[in-house]
Amino acid sequence: MIRTREDLRKRTELANEEMASYDCRILVCSGTGCIASGSEKVYDEFLRIAGDTPGVTVEFASHGPEAHLGVKKTGCQGVCELGPLVRIQKGGKVVQYTKVHPSDCQEIFSRSVLGDDVIESLLYKQKGVTYTSPDEIPFIAKQTRIVLENCGKYDSESLDEYLASGGFQAFQKALFEMKPEEIVDEVDRSGLRGRGGGGFPTGRKWKQVARQKEKERYVVCNGDEGDPGAFMDGSVMEGDPYKLIEGMMIAGYAVSSENGYIYVRAEYPMSVARLRHAIAELEDKGLLGDHILGTDFNFHMHINRGAGAFVCGEGSALTASIEGNRGMPRVKPPRTVEKGLWAKPTVLNNVETYANVPKIVLQGADWYRSIGTESSPGTKTFSLTGSIQNTGLIEVPMGTTLREIIFDIGGGMKDGGTFKAVQIGGPSGGCLTKDHLDVPLDFETVKKYGAIVGSGGLVVMDDSTCMVEVARFFMSFTQRESCGKCVPCREGTKRMLEILEKIVGGKGEMEDLDRLEELATMVKSMSLCGLGKSAPLPVLSTLNTFRDEYIEHIVDKKCRAKVCTALRRFVINPEFCRGCGKCAKNCPVGAITGVRKECYHIDNDLCIKCSTCKDNCAFDAIYIEA
Amino acid sequence: MLDECYYKKADEIIAGYGKKPSSLIPIMQDIQAEYRYLPGELLTYVAKQIGISESKAYSVATFYENFSFEEKGKYVIKVCDGTACHVRKSAPILEAFQKELGLSAKKHTTDDMLFTVETVSCLGACGLAPTVMVNEEVHPKMTPEAALDLIHELRGDRND
């Protein structure tokens, strides 16, 4: 049990000693991405090999004085695309291996763990350069990691490793050296803004809760990361669960709350498991519960799992869901800070926001303000995905440009594609194009261009993406996820989707564009909650930047990216066609005619674009005309 | 009428969360995790036990996409259609599953109760798009061909 500050100091000292005693640590990435690539088998294999090698004391649990070697599961190491990722750490020297197969483990163990050799073939390579240390890899070197600092370095399931990484120093400082008001002030002065997308000043929110008359208050964490294409919060919850909890505990102390709730998306089973593990361990050690570290501060943590409703990412819907109700937003005011969970004053912040708090308390507001921009201090995590060379989890100072993110960190486009646009902010956001490559990404600037920073999904698109189809995709998402409470959102998104489907289906008219804009403006201004208010943004943004593509779909009945099925034209190349007649025989609608041993012909008015002919042509003679 | 053991299991689950209205969602989640669906009679029972009306319980259960009153297959295959997966062509993967298993947008579960195919908005493994989740295991970098291999593999493990 850790009952006093002195107990915690001793425990931390032991954890530090233990960390220093390792001769070598094998760090196996256990983020969702790497586990999907098979990292658990790699971990098991290392354990097996380590156990089988005589002369090496292997240390699995977190005690034992003669520990030499540690095999650890860490949070996301970043370059998800190249998983399973493994780091071999000896003192300050770290080697990053990529695409590690269980069959590689023996060689790594013999050459890099027992020996000091580096296995060239497993190293990270980019543009002809090979990188040994993770910190040299451009993808990582160009990032500034505060929230993700521990991800990939420490065992995400061990309190001792968290303590050794400096964990709970901020909480101690807050609890013993600061008054609650001072903490709120510090967070306020740091300029930290809500990382869930809204960008509301966190300190101001805390102040509002702190000054409520009602004494029963709640601290709630929004881990319902529903934006398709975003996985930053999931990575923090599973990669550094203790940090999130520490941030919430500080918030609890600052606003005099005794209960914290984390609402986690149902699709993140690993986040739930790691958070549960962390909470159980903290309760067991006495760091959560009553009279924490011998003080009057009591704090209890609860986990609620989402049940597949995107709208629950909205504050009042989220608290309704925790209370056991349908997750539907309500009219505000009263706001969540006044009447949130159980109609009590509630601090509701996002995962990344809380994860920023310990560092701010420990290093001060001035330090935090030195990173990022004047109006948006600090860093932002993004999940970088789509048609880009290096997909993965990144953290950069606010104000970094898209060019730096896509070309320096992301390594440029995949398969030599041409950059077309980046979708930022998910279904509530918009598109930025090559004209915006040098725009600094911060809350205000991005908004100026009709998009939002949002929670941090960055989906990079190349020439093979149809922007009209992307708009339809997002609209079908928000339409499906509309809770149905208010008419503008429920009916408006439905009608907008119908128009978009008509356009990608080749039946659009020019008037549809005006109708779309009119509906979009209505939905945006009349909807009850953020979901509806932002639902038209992808449409408005693409209409604004890629209007010519809409017009092409409507007037020329052409989709230049060859994505929209209804607008495809299947054509037979006479140079390759041998006149075998297989296509005509297979065509389900009899759209192909011809004479044997001569070039066949497809009647595109009859054609249903099923692609059977193309898929089965032995001579690759059939192609799609844009 | 459900077998007695269903109610026993429900009692156990209810005891874990306490007889209060706010326990409804976690109780339903655990029941569904146990039986792969939410038996209607059991929901009625739970409502009574935790002190809410039957209509309230149903209104909540039908609001959330995760709850299903229909029995699901042994393998629930969730094809991710999040933005990153969509951009990296997830649609043909869904088609491949549906075609192989004779399923459609309306029919989600095979008659032998082995497979259920659904889409999901994002699995959070976007770096490895397109992805598919079978029960709780994520499969990265899928292709229509890999989808067929996966089905064969899963069918195989029923026999051993």
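In what order do the elements of chain B run from the N terminus on? The order is α-α-α-α-β-α-α-β-β-β-α, which gives chain B seven helices and four strands. Helices here are DSSP runs of H or I with at least four residues, strands are runs of E with at least two, and both are numbered from the N terminus. The model is a predicted one, in which local features need pLDDT of at least 70 and side-chain atom pairs count only at pLDDT 80 or more, while totals for chains, interfaces and linings use all residues. Residues are numbered from 1 along each chain as its sequence is written, and chains are lettered from A and ligands numbered from 1 in the order in which they are written.

The C-alpha trace of chain B spans about 50 × 35 × 25 Å along its principal axes. Of the 160 residues in chain B, 42% are buried. A residue is called buried if 20 or more other C-beta atoms lie within 10 Å of its own, exposed if 12 or fewer do, and partly exposed in between, with C-beta atoms placed from the backbone. Two residues are in contact if their C-beta atoms, placed from the backbone, lie within 7 Å. Among the contacts in chain B with a separation of 6 or more, 64% join residues 24 or more positions apart.

The axes of α1(B) (residues 4-17) and α2(B) come within 9 Å and cross at roughly 145 degrees; axes are lines fitted to C-alpha atoms, for helices over the stretch in contact, and angles run from 0 to 180 degrees between N-to-C directions. From α1(B), the residues B:Lys9, B:Ala10, B:Ile13, B:Ile14 and B:Tyr17 meet B:Pro26, B:Ile27, B:Asp30, B:Ile31 and B:Glu34 of α2(B). By class, this contact has seven nonpolar, no polar and three charged residues. Ala, Val, Leu, Ile, Met, Phe, Trp, Tyr, Cys and Pro count as nonpolar, Asp, Glu, Lys and Arg as charged, and the others, Gly among them, as polar.

The contact between the chains takes 34 residues from chain B and 41 residues from chain A. On the side of chain B that touches chain A, the elements giving two or more residues are α2 (24-35), α4 (54-63), α5 (83-87) and β4 (137-139). That side of chain B has 19 nonpolar, 13 polar and two charged residues.

In chain A, helix α20 (residues 511-526) has 16 residues. Buried in α20(A) are A:Leu516, A:Leu519, A:Ala520 and A:Val523. Seen down the axis of α20(A), its buried residues fall within an arc of 105 degrees, so they line one face of the helix; the arc is that of the directions from the helix axis to the C-beta atoms. These buried residues pack against α19 (487-504), α21 (530-534) and α22 (537-545) of chain A. On the other side of α20(A), A:Glu511, A:Asp514, A:Glu518 and A:Ser525 are exposed.

Some loops hold backbone details worth a look. The peptide bond from A:Gly83 to A:Pro84 is cis, with omega near -5 degrees, and A:Pro84 sits in the loop between β3 (69-74) and β4 (86-90) of chain A. Although not a glycine, B:Lys89 has a positive phi of about 65 degrees. B:Lys89 is in the loop between α5 and α6 (91-101) of chain B.

Terms used: The expected span of a helix is 1.5 Å times one less than its number of residues.
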